[in-house]
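Please have the sequence and the model at hand while reading.

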Amino acid sequence: MLSRRAFLSGALVIGRIGGALAGEPLRTAAAGCGRMFGCAISSRHLGERDFIGLVLRECGGIVPEGEGKWASLRPGPDNFNFAPLDRLVSFTRERGMAIRGHTLLWQDALPNWLKRALSETPGQAESILLRHIDTVVRRYDGVIDSWDVVNEVLGPDGLQPGPWVDALGIEAIAIAFGAARTASPSARLILNETAIESGLRAHAERRHALLALLNRLKSRGVPVDGVGIQAHLRCSEPIDQAALRGFLSEVAGMGLDILVTELDVNDAEVFGDPKRRDQVVADHAQRFLDVILDETAVKSIHCWGLSDRHSWLHHHPAGWRADGARTRPLPFDADLAVKPLASALAQAFAGARVRP
Ligand code: G3I
């Protein structure tokens with residue numbers, strides 16, 4: 001005999017699955033399990049009415065693809081170019097959407113003047129970093145509710161070498177999180193990492209290194225609120241569901257939020273017609289999503305783009321196919337039609353463990 005609670009929760013799941021299959025927006029399906037669904041967009045696409053219409057229908061929030069990076073914000077040592085980021089902030093505020101910040105400390109997308117300045121003295125590197133984070137994060141305090149404070153800081157042998165780590169070592173991470181907390185006490189401060197999702201040995205090693213880094217930062221009182229799992233999945237890299245589940249459980253056990261921050265599914269090595277490729281992409285993502293959404297510490301899923309019309313993979317060797325066709329990594333195709341990946345997301349949200 002089903003208890004009333006079990007009956008109602010079963011009915012809720014059936015209702016959510018029904019909604020998902022009926023093509024309700026992904027933001028609605030996500031909200032049904034207490035999460036947010038969003039995507040990365042570029043300000044240069046704000047005038048693309050059909051694409052923006054899809055973003056507004058499907059997403060509860062966005063993350064700027066490039067406008068929050070040093071390369072966009074900092075044309076020179078004494079000036080800030082906020083205009084592109086302000087456009088995206090205005091876009092979200094006018095529509096009641098959430099907006100994430102990406103990213104305050106990364107080894108890529110750095111202007112040349114900065115690389116030269118960081119190579120001079122550690123003291124100068126620290127003051128440049130402090131001024132940047134204080135100015136940028138304070139400007140959007142109360143608006144940008146979640147920041148990728150540090151992005152892709154792990155490398156094969158510990159911290160990823162680059163201008164920041166070469167200048168300041170692990171202190172760069174502590175300085176960045178401390179400055180972001182001071183500038184925006186309410187924002188969720190995230191350490192965003194890539195290549196930790198699959199069963200590859202390199203991914204397993206990186207999961208281990210990330211857990212060690214998180215424990216080290218937490219023991220020092222560094223104000224990390226959560227981990228971003230980028231989830232640039234690749235169909236040729238199988239998901240190790242048991243290992244991923246164990247990793248998520250350890251991160252959640254630290255009291256940290258978990259965000260999927262940049263989901264897309266690279267089908268560069270998948271052959272066959274688009275219909276077959278799209279199903280392989282969806283099935284691959286489903287193995288990842290079923291584990292991810294079984295963890296209640298997971299608060300949101302952002303795709304890195306929404307339509308195959310705009311994907312970084314079309315401009316990067318990682319996404320170039322031997323047959324010359326374009327990769328199809330996102331939930332909607334270039335004509336904005338729904339793909340099996342969108343259905344996989346909807347069904348995963350519908351069957352997800354509901355966040356309390
Ligand atoms: O804006 C300039 C333009 O003026 C110039 O004419 C053109 C010439 O190449 O470059 C343009 O800048 C490009 C920028 O995207 C804006 O489109 C850069 O060259 C290009 O390197 C940059 O690529 C971005 C990349 O991060 C580096 O910032 C991708 O669009 C973006 O999708 C990618 O996103 C990253 C995340 O931030 C972190 N995780 C991995 C993810 C994929 O690499």
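## Surroundings of Trp 113

In this predicted model, Trp 113 touches Trp 70, Arg 74, Pro 75, Gly 76 and Pro 77, leaving aside residues up to four places away in sequence. Trp 113 belongs to helix H6, which spans residues 112-118. The relative accessibility of Trp 113 is 12%, and the residue therefore counts as buried, the limit being under 20%.

A distance across the chain can also be given from this residue. From C-alpha to C-alpha, Trp 113 and Asp 278 are 43 Å apart in space, and 165 residues separate them in sequence.

## The chain as a whole

The chain contains 13 helices and eleven strands. Its radius of gyration is 20 Å, close to the 21 Å that the globule rule gives for 356 residues, so the chain is as compact as a globular protein of that length. Taken along the principal axes, the box filled by the C-alpha atoms is roughly 65 × 45 × 40 Å.

Of the 356 residues in the chain, 55% are buried. Contacts between residues at least 6 apart in sequence were also examined: 78% of them join residues at least 24 apart.

## Helices H10 and H11

Two packed helices are described by the angle between their axes and the distance between the axes. For helix H10 (residues 201-219) and helix H11 (residues 241-253), the axes come within 11 Å and cross at roughly 5 degrees. Because angles under 35 degrees count as roughly parallel, H10 is described as roughly parallel to H11.

Which residues of H10 and H11 meet? On the H10 side they are Arg 207, Leu 210, Leu 211 and Leu 214, and on the H11 side they are Ala 243, Phe 247, Glu 250 and Val 251. The residues of this contact comprise six nonpolar and two charged, with no polar ones.

## Cysteines

A disulfide is a covalent bond between the sulfur atoms of two cysteines. How many disulfides does the structure hold? The number is zero. Cys 33 takes part in none, and the nearest cysteine sulfur, belonging to Cys 303, is 14 Å away. A disulfide would require the two sulfur atoms to lie within 2.5 Å. Cys 33 is buried, with a relative accessible area of 0%.

Cys 303 is likewise in no disulfide; for this residue the nearest cysteine sulfur is that of Cys 39, 7.5 Å away. With a relative accessibility of 1%, Cys 303 counts as buried.

Note on methods:
Residues numbered from 1 in each chain as written. Predicted model: local features only at pLDDT ≥ 70, side-chain atom pairs only at ≥ 80, totals over all residues. Heavy atoms only, no water. Buried < 20%, exposed > 50% of the residue type's maximum accessible area, 1.4 Å probe, protein only. Axes fitted to C-alpha atoms, helices over the stretch in contact; angles between N-to-C directions. Helix = DSSP H or I, 4+ residues; strand = E, 2+ residues; numbered from the N terminus. Parallel < 35°, antiparallel > 145°, perpendicular 65-115°, else oblique. Contact = heavy atoms within 4.5 Å. Nonpolar A, V, L, I, M, F, W, Y, C, P; charged D, E, K, R; others polar. Rg over C-alpha atoms; globule rule 2.2 N^0.38 Å.
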